[in-house]
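Q: I have a model open and want to learn how to read its features. Where do we begin?
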Amino acid sequence: MSLPAEFHDIAKRVNNWGRWGADDEIGTLNLITDEVVREAAATVRTGRRVPLTLPLQQDGVQTGMIPGRVNPLHTMVQINQEIFGPGTVACSDDAVTMGLQAATHWDALSHVSHSGKIYNGRPADTVTAHAGAEFSGIDKPRHIVSRGVLLDVARARGTDRLAGDHAVTPEDLEAAEELAGTRVRSGDIVLVRTGQVQLYLAGDKHAYAYPSPGLSVRTPEWFHTRDVAAVANDTLTFEVFPPEIEGLWLPVHALDLVEMGMLQGQNWNLEELSTACGQESSYTFLLSAMPEPFVGGTGTPVAPVAIL
């Protein structure tokens with residue numbers, strides 16, 4: 001199925017190709033200026049730190065639905081080994097094999113393509129088997145620190161967890177904004193809580209994966225209008241799954257990553273943050289979500305922390 005006219009119409013409205021120059025590889029992260037970071041630091045009132053990551057473990061969120069995206073396989077390569085001879089200090093080392101997007105992660109702008117292109121109009125075949133992403137790899141954003149805003153859509157709709165077929169709309173985002181008592185602004189990183197991760201935390205990874213609430217194809221225009229720097233949520237698929245438009249798979253990925261150049265994050269645990277924001281009556285915070293700089297990577301594990 002070719003991409004429908006509706007998709008291409010939205011793509012034209014959110015397209016950022018050339019906005020930061022023909023050589024740009026980080027897209028909307030350009031919106032995180034020094035001034036934005038200074039203002040983000042000013043949101044810290046108590047110093048309360050909230051981790052937003054899921055554990056990296058073999059019994060992780062991956063079910064095999066996404067080919068090749070394997071949960072971490074942790075192995076020991078030496079155990080208490082006296083590598084410099086008997087009686088010397090002993091070392092233990094380990095290694096991990098995993099999909100870079102296996103658990104809590106960022107998608108790089110090169111993660112998806114459509115119509116033969118990735119972000120900023122570069123050819124999709126610049127992603128290769130040996131080198132990975134030649135352009136817009138996850139190593140290109142060297143730091144991701146900004147004001148974070150929790151849009152707790154589940155709480156704004158009066159529920160702990162959205163239904164599996166719920167497509168989060170711009171109206172949902174604005175209701176969550178009203179609950180938060182703030183307005184999303186340029187350079188913010190928006191975290192959208194659906195409550196879906198509760199299923200994984202309760203031990204049901206298959207129910208967590210499918211069906212899943214997530215962002216609607218209508219949301220990229222909202223993020224584009226607000227000049228959001230990046231968006232993450234608490235689901236495996238990021239967008240509603242199965243899709244709103246029958247046969248149109250991952251349109252939000254294509255609009256956000258390819259057209260807008262906006263990083264996406266998935267499998268973020270926003271449960272403790274939801275509780276903390278409610279207790280502190282503040283839904284804005286300093287967010288540190290540094291990417292691991294895998295050269296040529298189309299994604300990376302991340303251990304984000306919100307500081308209230």
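A: We begin with a definition. A polar contact is a pair of N or O atoms within 3.5 Å; within protein, one must be able to donate a hydrogen and the other to accept it. Keep in mind that this is a predicted model.

Q: With which side chain does the side chain of Q101 make a polar contact?
A: With that of H111, at 3.1 Å. The Q101 side chain also reaches the backbone oxygen of T298, at 3.0 Å.

Q: Where is Q101 placed?
A: In the loop between β3 (91–97) and β4 (105–107).

Q: Is Q101 buried or exposed?
A: The cut-off for buried is under 20% relative accessible area. Q101 has 9% relative accessibility, so it counts as buried.

Q: Which residues does Q101 touch, leaving aside those up to four places away in sequence?
A: Q62, R69, W106, D107, H111, N267, T298 and G299.

Q: What is the phi of F238?
A: About 70 degrees, positive although F238 is not a glycine. F238 lies in the loop between β11 and α8. F238 counts as buried because its relative accessibility is 0%.

Q: What follows α9?
A: S281, with a positive phi near 55 degrees. Within α9 (residues 271–280), the buried residues are E271, L273, S274, A276 and C277.

Q: Why do residues three or four places apart in an α-helix point the same way?
A: Because an α-helix has 3.6 residues a turn.

Q: Which peptide bonds here are cis?
A: Among them is the bond joining Y210 and P211, with omega about -10 degrees. P211 is in the loop between α6 (205–209) and β10 (214–215). The bond from F241 to P242 is also cis, with omega near 5 degrees. P242 belongs to the loop between β11 (230–233) and α8.

Q: How do I read helix packing?
A: Take the angle and the distance between the axes. Angles under 35 degrees count as roughly parallel. Helix α7 (residues 219–226) packs on helix α8 (residues 251–260) at about 30 degrees, with the axes 9 Å apart. So α7 is roughly parallel to α8.

Q: Which residues make that contact?
A: From α7, T219, P220, F223 and H224; from α8, V252, L255, D256 and M260. They divide into five nonpolar, two polar and one charged.

Q: At what angle do α1 and α7 cross?
A: At roughly 10 degrees; the axes of α7 and α1 (residues 5–14) come within 10 Å. The two helices are therefore roughly parallel to each other. I10, R13 and V14 of α1 meet P220, E221 and H224 of α7. This contact has three nonpolar, one polar and two charged residues.

Q: How do I read the whole chain?
A: Count elements, then check dimensions. The protein chain has nine helices and 15 strands. A compact globule of 308 residues would have a radius of gyration near 19 Å; the chain has 20 Å, which agrees. Its C-alpha trace spans about 70 × 50 × 40 Å along the principal axes. Buried residues make up 52% of the 308.

Q: What share of contacts join residues at least 24 apart in sequence?
A: Of the contacts between residues at least 6 apart, 78% do.

Technical notes:
Residues numbered from 1 in each chain as written. Predicted model: local features only at pLDDT ≥ 70, side-chain atom pairs only at ≥ 80, totals over all residues. Heavy atoms only, no water. Buried < 20%, exposed > 50% of the residue type's maximum accessible area, 1.4 Å probe, protein only. Helix = DSSP H or I, 4+ residues; strand = E, 2+ residues; numbered from the N terminus. Axes fitted to C-alpha atoms, helices over the stretch in contact; angles between N-to-C directions. Parallel < 35°, antiparallel > 145°, perpendicular 65-115°, else oblique. Contact = heavy atoms within 4.5 Å. Nonpolar A, V, L, I, M, F, W, Y, C, P; charged D, E, K, R; others polar. Rg over C-alpha atoms; globule rule 2.2 N^0.38 Å.
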